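Hello,

Here is the structure you asked for. My notes on it follow below.

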Amino acid sequence: MNGKEIRAQIDTENVKGLLLINGGGAVALLAFLPSILNKPGYEPLTLAILWGLLIFQIGLITALIHNHLRRRCSLAYDCPKPKVKLLGLGLEEPYVCHFSHIFMIASYGCFIIAGILIFCGGLKALNTIHQLSVKAYLCTNQ
């Protein structure tokens with residue numbers, strides 16, 4: 001295997017990883033969502049999960065776009081083209097390759113953002129549940 005084939009294999013595994021983390025996150029949230037729906041105190045977590053689902057879906061779409069652009073980038077290298085310039089600076093790669101990288105980073109970012117959002121929603125839910133339990137305790141001991 002030469003260097004080009006090795007890099008292509010690494011890129012393929014990277015796309016699989018992007019699809020796995022965003023798709024797996026979405027499936028896990030979908031499985032967990034019914035257990036907290038309509039439970040008092042879990043509203044912040046439910047809302048965070050719904051937003052997390054949307055962000056994971058965006059992460060899946062950006063991973064698929066990255067994969068498509070990666071193929072177009074490979075085709076661009078097969079055709080001799082003049083040097084590409086952006087804002088007067090010469091680029092080493094064709095435009096499509098840069099867009100592919102942007103979508104790859106966006107897919108990683110979606111996973112991170114969804115995770116942080118769900119974590120924050122969980123913390124808010126814990127605080128809400130704690131406040132509800134304190135109120136219930138004070139009401140029963142008066």
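The accessible surface of the chain is about 9,700 Å², and carbon and sulfur atoms account for 71% of that (Shrake-Rupley method, 1.4 Å probe; for residues, only the protein chains shown count as cover). This is a predicted model, in which local features need pLDDT of at least 70 and side-chain atom pairs count only at pLDDT 80 or more, while totals for chains, interfaces and linings use all residues. Residues are numbered from 1 along each chain as its sequence is written, and side-chain values use heavy atoms, with hydrogens and water left out.

Fold: the chain has three helices and two strands, in the order α-α-β-β-α (DSSP runs numbered from the N terminus: helices are H or I, at least four residues; strands are E, at least two). Its C-alpha trace spans about 80 × 35 × 20 Å along the principal axes.

Interior: of the 142 residues, 30% are buried (under 20% relative accessible area, 1.4 Å probe, protein chains only). The largest nonpolar core has 13 residues, and those touching the most other members are Leu29, Leu45, Ile49, Leu53, Phe56 and Ile118. A nonpolar core here is a set of buried Ala, Val, Leu, Ile, Met, Phe, Trp, Tyr and Cys residues joined through side-chain atoms within 4.5 Å. Two or more residues come from each of α1 (3-36), α2 (43-78) and α3 (95-140), with α2 giving the most, five.

Beyond its neighbours within four places in sequence, Leu45 is in contact with Phe32, Ile36, Ile118, Gly121, Gly122 and Ala125 (contact: heavy atoms within 4.5 Å). A second, separate core of five residues includes Leu69, Cys73, Ala76 and Cys97.

Regards

Terms used:
Buried < 20%, exposed > 50% of the residue type's maximum accessible area, 1.4 Å probe, protein only.
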